[in-house]
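This report sets out the architecture of a single protein chain, from overall composition to local backbone geometry. Please consult the sequence and the model alongside the text.

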Amino acid sequence: MTPCMNGAVVAVEEHPDNEGECLCGQQNLLYMYTIYNSEKQETLSYIGSQCVHHFKRQDLDVQVSVFSQLLALKRAIEDSKKITLTSDYFSRALLHWLFAEGAFNNERNGYNGEGDYAFFLEMFNKRKKEDISDARNKKIWAMLNFQVKPFIQNHPALG
Ligand SMILES: [Zn+2]
């Protein structure tokens with residue numbers, strides 16, 4: 001397995017029975033990651049998180065953690081848990097991933113989610129959530145339920 005300098009983690013799959021197997025041969029893995037190397041236009045799959053860590057690439061480690069958060073969020077949505085815009089389910093890196101993937105784009109904002117992403121980031125960063133106005137809480141609730149949740153549930157990279 002060659003370390004990929006232009007690689008990015010592009011997908012995660014969960015193997016609930018721990019039957020995942022890494023390219024290196026390591027078995028009994030729960031989460032398997034796919035890395036795409038844009039320079040070689042080649043996909044490496046599937047790779048366990050330990051092997052991703054061996055690449056010694058901080059950005060890949062961050063992506064692995066974002067994808068595992070995304071999967072946890074997807075499971076919570078499937079379990080009908082109450083999703084809040086807090087560090088229970090979100091992180092700055094996760095919000096950025098959602099933005100980059102177009103999760104905040106909609107008809108209302110002309111399919112440019114930049115403003116709504118900035119709003120979500122600001123609300124997420126607020127240390128005192130009780131200071132958030134009712135109107136803003138309603139907007140967060142609506143966007144989480146009608147936009148973010150279906151986006152995550154239908155995203156092909158989260159299996
Ligand atoms: Zn491995």
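## Overall composition

Of the 159 residues in the protein chain, 21% are buried; a residue counts as buried if 20 or more other C-beta atoms lie within 10 Å of its own, as exposed if 12 or fewer do, and as partly exposed in between, with C-beta atoms placed from the backbone. The model is predicted: local features need pLDDT of at least 70, side-chain atom pairs count only at pLDDT 80 or more, and totals for chains, interfaces and linings use all residues. Residues are numbered from 1 along each chain as its sequence is written.

The protein chain contains 5 helices and 3 strands, and its elements follow the order β-β-β-α-α-α-α-α from the N terminus. Helices (H or I, at least four residues) and strands (E, at least two) are DSSP runs, numbered from the N terminus. Along the principal axes, the C-alpha atoms fill a box of roughly 50 × 35 × 30 Å. Among contacts with a separation of 6 or more, 54% join residues 24 or more positions apart; a contact requires C-beta atoms, placed from the backbone, to lie within 7 Å.

## Domains

The protein chain is divided into domain 1 (7–56) and domain 2 (92–154), with bounds that come from an automatic or database domain assignment. The C-alpha centres of domain 1 and domain 2 are 29 Å apart.

## The sheet

The strands form an open sheet of 3 strands in the order β1-β2-β3, with antiparallel pairing. Its edge strands are β1 (7–14) and β3, each of which pairs on one side only. Neighbouring strands of this sheet are turned by 20° against each other on average, direction ignored. Two strands are taken to pair if DSSP finds at least two bridges between them.

Strand β2 (residues 31–37) and strand β3 (residues 42–47) run antiparallel and are joined by 4 bridges. Asn-37 has Glu-42 in β3 as its bridge partner, and Tyr-33 stands opposite Ile-47 in β3. In the hairpin of β2 and β3, 4 residues lie between the strands, and Gln-41 takes a positive phi near 50°.

## Helix α2 and its neighbours

Helix α2 lies across β1 and β2, running at about 30° to β1. The axes of α2 and α5 come within 10 Å and cross at roughly 110°. This angle makes α2 roughly perpendicular to α5. Axes are lines fitted to C-alpha atoms, for helices over the stretch in contact, and angles run from 0 to 180 degrees between N-to-C directions. Angles under 35 degrees count as roughly parallel, over 145 as roughly antiparallel, 65 to 115 as roughly perpendicular and the rest as oblique. Where α2 meets α5, Leu-70, Leu-73, Lys-74 and Ile-77 of α2 face Lys-149, Ile-152 and Gln-153 of α5.

In α3, Leu-94, Leu-95 and Leu-98 are buried. These residues lie on the same side of α3, because they cover an arc of only 100° around the axis, the arc being that of the directions from the helix axis to the C-beta atoms. The cover over the buried residues of α3 includes α2 (58–78), α4 (114–125) and α5 (134–154). On the face turned away from the buried side are the exposed residues Arg-92 and Ala-100. Just after α3, Gly-102 takes a positive phi of about 90°.

Ala-93 belongs to helix α3 (residues 92–100). Ala-93 counts as partly exposed because it has 13 C-beta neighbours inside 10 Å. Apart from its neighbours within four places in sequence, Ala-93 is in contact with Val-62 and Val-66.

Most residues other than glycine have a negative phi, and most peptide bonds are trans. Asn-18, in the loop between β1 and β2, has a positive phi near 55°. Asn-18 is exposed, with 11 other C-beta atoms within 10 Å. Lys-56, in the loop between α1 (49–54) and α2, also has a positive phi, near 55°. Lys-56 is exposed, with 9 other C-beta atoms within 10 Å.

A cis peptide bond joins Ser-45 and Tyr-46, with omega at about -10°. Tyr-46 is located in strand β3.

Note on methods:
Contact = placed C-beta atoms within 7 Å.
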